[in-house]
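The sequence and structure come first.

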Amino acid sequence: MLYVLDGADHFATVTETARRFARAGARSGVVPGVVVAIDAGPLARRVFDYTPASPGWSIPAGAPASGLPTGGADAFLTLLDKQIEPLIARRWSVDPARRTLAGHIFGGLLALHALFTRPGVATRYAAVSPSLWFGGDVLSRGERGATVAGQQVLIAVGGNEGGPDAQAGSAAEALASRLSAGGATAAYLPLPGQDHAATLDRL
């Protein structure tokens, strides 16, 4: 089962890609599964739902979503785990060991936050152009207390990320290396020539 954040934007791309690879069978390693696309709603709702609580910190002026409330990630992950997942399991036969959470930009931030703080939500994570700059040290604090052994993680970053994401490539590569050292199967995927608006479509 694949949870796709920003579902209204990415459902068509993800499902068509999954169908194409599943048709290739053993050559692709992709098998049929269930794609669950979760709409983010208006920008303010998305920013709140996808960002971890970071007391005393706010998005700086000039950065994406500056001035909007943040900190609803844990409530969103509880909704995913306690309400959405059981609903899906009642309707389709899904394998809990193959639950993937995929997100883009703030959605990628949420996927990494889930990896570090809510390991039962998924076993596989794809963070595309994740907003690693968000919250000061909020991600690194979660990382320090996390057990990542056995998890599978992909972090993809465009070569032309700008603004607060300008150094995202080196930070993501270092994070993938630390995750691998901690026992995860982690990969860093650079996407040369792409900014974060296009990265999910280039995987």
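## A strand pair

In this predicted model, L101 has Y125 of strand β4 as its bridge partner. The pairing belongs to a set of five bridges that join strand β3, residues 100–104, to β4. The two strands run parallel.

Strand β4 covers residues 124–128, and four of its five residues are buried. Because of this, β4 is largely enclosed by the rest of the structure.

Helix α4 spans residues 106–117, and F106 is part of it. How accessible is F106? Its relative accessibility is 4%. Since the cut-off for a buried residue is under 20%, F106 counts as buried.

Leaving aside residues up to four places away in sequence, F106 touches R46, V47, Y50, T51, I59, P64, A65, S131, W133 and F134. V128 is 22 residues from F106 in sequence, and the C-alpha atoms of the two are 9.2 Å apart.

## Helix α2

Helix α2 runs over residues 43–50. Which of its residues are buried? They are R46, V47, D49 and Y50. Among these, R46, V47 and Y50 are also contacts of F106.

## The whole protein

The protein has six helices and six strands. Starting at the N terminus, the order of elements is β-α-β-α-α-β-α-β-α-β-α-β.

The radius of gyration is 16 Å. For 203 residues a compact globule would have a value near 17 Å, so the protein agrees with that expectation. Along the principal axes, its C-alpha atoms fill a box of roughly 45 × 35 × 35 Å.

## Burial, contacts and surface

Of the 203 residues, 43% are buried. When contacts between residues at least 6 apart in sequence are considered, 74% of them join residues at least 24 apart.

The accessible surface amounts to about 9900 Å², and carbon and sulfur atoms account for 55% of this area.

Terms used: Residues are numbered from 1 along each chain as its sequence is written. This is a predicted model: local features need pLDDT of at least 70, side-chain atom pairs count only at pLDDT 80 or more; totals for chains, interfaces and linings use all residues. Side-chain values use heavy atoms; hydrogens and water are left out. The radius of gyration is taken over C-alpha atoms; the globule rule is 2.2 Å times the number of residues to the power 0.38. Buried means under 20% relative accessible area, exposed over 50%, partly exposed in between (1.4 Å probe, protein chains only). Contact means heavy atoms within 4.5 Å. Accessible areas come from the Shrake-Rupley method with a 1.4 Å probe; for residues, only the protein chains shown count as cover. Two strands pair if DSSP finds at least two bridges between them.
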